[in-house]
Amino acid sequence: MKRVLIITYYWPPSGGAGVQRWLKFVKYLRNYNWEPVVFTIENGEFPVVDVELNKEIPDGTEVLKVPAWEPYNIYKLFSGKKKNIGINSGFLTEEKGNSTVEGISKWVRGNFFIPDARKFWIKPSIKFLNHYLENNPVDVIISSGPPHSAHLIALNLKNKLNIPWISDFRDPWTNIDYYKDLKLSNRSNQKHKKLENEVLVSSDIVLTIGKQLSNELSTLGAKKVEIIENGFDPSDFVDNKNYELDEQFTIAHIGSFTPSRNHIVLWKALSQLVKKHEEFKSKLEIKLIGKVDHSVLQSIKDFGLDSFLNKIDYLSHSEVIKHQKTSHLLLLMVNNTPNAKGIVTGKIFEYMASKRPILAIGPKDGDLSAILSQTNSGLVCDYEEVENLASTIWRIYKDDIKFESNVSLYSRIELTGKLSKLLDKMI
């Protein structure tokens, strides 16, 4: 078998969206005559943990780990957070904290930890992998970011060993929605951009998840960009139980509900429907599963919707899928940021595989909208369309819109086949 080294920070027992893409590729690569070797962190700081995901790792997979110091315990001490509480991504904070402390923390994060707070993983990883690869050669190296420290590990290996390299951008680097919140000095901003350009120019292939991000990466200097979307794993949906829909009309959001996803248009629309239709008011349940920023909870309260809220903390991946199948409507909130058209949350594909209607709030001309239209899985309403959003939710409530959800193109098995063709061409 040909061998591929995959450098990824997020790996079981890490839970959340970041782990799914490469866990699933690793699961199916042997089907295509590629043996994956995974390199990851030994003592990672993960927002959430899901030990059940360890069962997804194929037997005999070689998983290499190197520890590294991370500054999060200092941050927790500084901000008054408990040591055992994970640090959320996207500046999500579940409880309102001291804004001055948070501001200083963001400035330190942006200006002292470049490209990210995992930078101290880079040197020990390079040392370990240089020695490992001398005795255990591989045909291709893949690095997946964020964190983009993973790309800097691979960049060093590429320069020293000249092994073909794919850098996988699950999210942007300098164009990510929270980049402006890092309070960067001009010098720090230039350093980020220089490192980003080095990675893009040096990669044999830059891999990403959608058209908009592909175009952005090409503009920033990538020589060759390929797209392999995220997807769903058919084995996660083989449960043939006939799950009954929730008794209430449940509108479910699953995953991190960050401040940039807190679109007031939704709470306005739901507030209107509750006031206008007694029937809807008696049946509504807002189901939020996962980490929720305190600003979202405040907005729900401000619009008098807190009595309809069912907030559920992080669940295992298998439990989440059950909730997707039993909810009446699945909600996607696209960050209202300059890169909104290119945001394609990994959750969309599992939503589609659950065969429940999807309602997204975001740009109608973005990549997400195109996928929903292509698969007839749901609808998109814009950030300001209160009346249209209220009307759409009412029509779905009355079962007045039919969806088919044709998602076979986005099977993780098929997508791994696309990846293997890329890998085959590189050797």
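Q: How many bridges join strand β2 to β3, and do they run parallel or antiparallel?
A: In this predicted model, five bridges join β2 (residues 34-41) to β3, and the two strands run parallel.

Q: Which residue in β3 is the bridge partner of Phe 39?
A: Leu 64 is the partner of Phe 39.

Q: What is the strand order in the open sheet?
A: The order is β3-β2-β1-β4-β5-β6-β7, seven strands with parallel pairing. The edges are β3 (62-66) and β7, each of which pairs on one side only.

Q: What does the twist average from one strand to the next?
A: The average is 25°.

Q: Which strands does helix α5 lie across?
A: Helix α5 (residues 149-161) lies across β1 (2-8), β4 (140-145) and β5 (165-169). Relative to β4, helix α5 runs at about 155°.

Q: Switching to charges. How many salt bridges does the structure hold?
A: There are 21 salt bridges. One of them pairs Lys 24 with Asp 236, with the closest N and O atoms 3.1 Å apart.

Q: Where do Lys 24 and Asp 236 lie?
A: Lys 24 is in helix α1 (residues 17-29), and Asp 236 is in the loop between β7 (225-227) and β8 (249-254).

Q: Is Lys 24 buried or exposed? And what about Asp 236, buried or exposed?
A: Lys 24 is buried, at a relative accessible area of 1%. Asp 236 is buried as well, at 15%.

Q: Which residues are linked with Lys 24 in a network of salt bridges?
A: Lys 27, Glu 56, Asp 233 and Asp 236 are linked with Lys 24 in that network.

Q: Back to the loop between β7 and β8. Which residue forms a salt bridge with Asp 246?
A: Lys 287 does, with the closest N and O atoms 2.8 Å apart. Asp 246 sits in that loop and Lys 287 in strand β9 (residues 284-289), 41 residues apart. Lys 287 is buried, with a relative accessible area of 2%.

Q: Which residue forms a salt bridge with Lys 398?
A: Glu 279 forms that salt bridge, with the closest N and O atoms 3.6 Å apart. Lys 398 is in the loop between α14 (386-397) and α15 (412-425), while Glu 279 is in helix α9 (residues 278-283), and 119 residues separate them.

Q: What are the relative accessible areas of Lys 398 and Glu 279?
A: Lys 398 is partly exposed at 43%, and Glu 279 is partly exposed at 40%.

Conventions:
Residues numbered from 1 in each chain as written. Predicted model: local features only at pLDDT ≥ 70, side-chain atom pairs only at ≥ 80, totals over all residues. Heavy atoms only, no water. Salt bridge = Lys/Arg side-chain N within 4 Å of Asp/Glu carboxyl O. Helix = DSSP H or I, 4+ residues; strand = E, 2+ residues; numbered from the N terminus. Buried < 20%, exposed > 50% of the residue type's maximum accessible area, 1.4 Å probe, protein only. Pairing = 2+ DSSP bridges. Axes fitted to C-alpha atoms, helices over the stretch in contact; angles between N-to-C directions. Contact = heavy atoms within 4.5 Å.
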